[in-house]
Amino acid sequence: MDDLITIHVTDLKGQEHEIQAPTDMGLNLMEAMKANELPVKATCGGMAMCATCNCIVKSDHDLPEMSENEEDMLDEAFVLDVEGSRLSCQIPVSKHIDGLRVQLGELTDPEA
Ligand code: FES
């Protein structure tokens, strides 16, 4: 299918997953990872209010600018203050992120 993109996700155990996500369903990256059964807590359901969907972007894709809410949320938790740190719920699934590489952040762990 034309409108499927591929995203590479490294989970908290260091295991790599290649997931596919449709670009025509209005999904964000957090939802795409959850739909592929990756363990992402995402407590607030995508409102940029919990940071438990955090990921570290490892490839140099041009991503949408961070909103003020996203920046504030990432600032609050010092563990998230690393280069490439983003809230996956704030990254729309689009052709622009085809081939994206991310690593799940440590706050995403549903067991924690
Ligand atoms: S799901 Fe809560 S900030 Fe992304």
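The radius of gyration is taken here over C-alpha atoms, and the globule rule is 2.2 Å times the number of residues to the power 0.38. For a protein chain of 112 residues, a compact globule would on this rule have a radius of gyration near 13 Å; the chain has 13 Å, which agrees. The structure is a predicted model. Its C-alpha atoms fill a box of roughly 40 × 30 × 25 Å along the principal axes. Of the 112 residues, 30% count as buried.

The secondary structure consists of two helices and five strands. Read from the N terminus, the elements follow the sequence β-β-α-β-α-β-β. The strands form an open sheet in the order β2-β1-β5-β3-β4, and the pairing in this sheet is mixed. Strands β2 and β4 (85-87) stand at the edges; each has a single partner strand, so one side of each is left without a neighbour in the sheet. From one strand to the next, the twist averages 40 degrees.

At one end of this order, strand β1 (residues 4-10) pairs with strand β2 (residues 16-22) in the antiparallel sense over seven bridges. V9 stands opposite H17 of β2. The two strands form a hairpin with five residues between them, and G14 in the turn has a positive phi of about 90 degrees. Strands β3 and β4 also pair in the antiparallel sense, over three bridges. There, the bridge partner of C55 in β4 is R86.

Nonpolar side chains in soluble globular proteins tend to be buried together. In the present model the largest nonpolar core has 23 residues, and M30, M33 and V40 have the most contacts inside it. At least two residues of this core are supplied by each of β1, α1 (29-35), α2 (68-76) and β5 (100-104). Helix α1 gives the largest share, four residues.

Two of the surroundings within the chain were examined residue by residue. When residues up to four places away in sequence are not counted, M30 touches V40, A42, G46, C53, S88 and C89. One of these, A42, is placed in the loop between α1 and β3 (54-57). A42 has 22 other C-beta atoms within 10 Å. Leaving aside neighbours within four places, A42 is in contact with M30, K34, T52, C53 and C89. The C-alpha atoms of A42 and C89 are separated by 8.1 Å, although the two residues are 47 residues apart along the chain.

I19 is placed in strand β2. With 16 other C-beta atoms within 10 Å, I19 is partly exposed; the class lies between the limit of 20 or more for buried residues and that of 12 or fewer for exposed ones. Leaving aside neighbours within four places in sequence, the contacts of I19 are I7, V9, A32, M33 and N36. I19 and M33 are 14 residues apart in sequence, and their C-alpha atoms are 7.5 Å apart in space. M33 is also one of the residues with the most contacts inside the largest nonpolar core.

Note on methods:
Residues are numbered from 1 along each chain as its sequence is written. This is a predicted model: local features need pLDDT of at least 70, side-chain atom pairs count only at pLDDT 80 or more; totals for chains, interfaces and linings use all residues. Two strands pair if DSSP finds at least two bridges between them. A nonpolar core is a set of buried Ala, Val, Leu, Ile, Met, Phe, Trp, Tyr and Cys residues joined through C-beta atoms within 7 Å. Two residues are in contact if their C-beta atoms, placed from the backbone, lie within 7 Å. Axes are lines fitted to C-alpha atoms, for helices over the stretch in contact, and angles run from 0 to 180 degrees between N-to-C directions.
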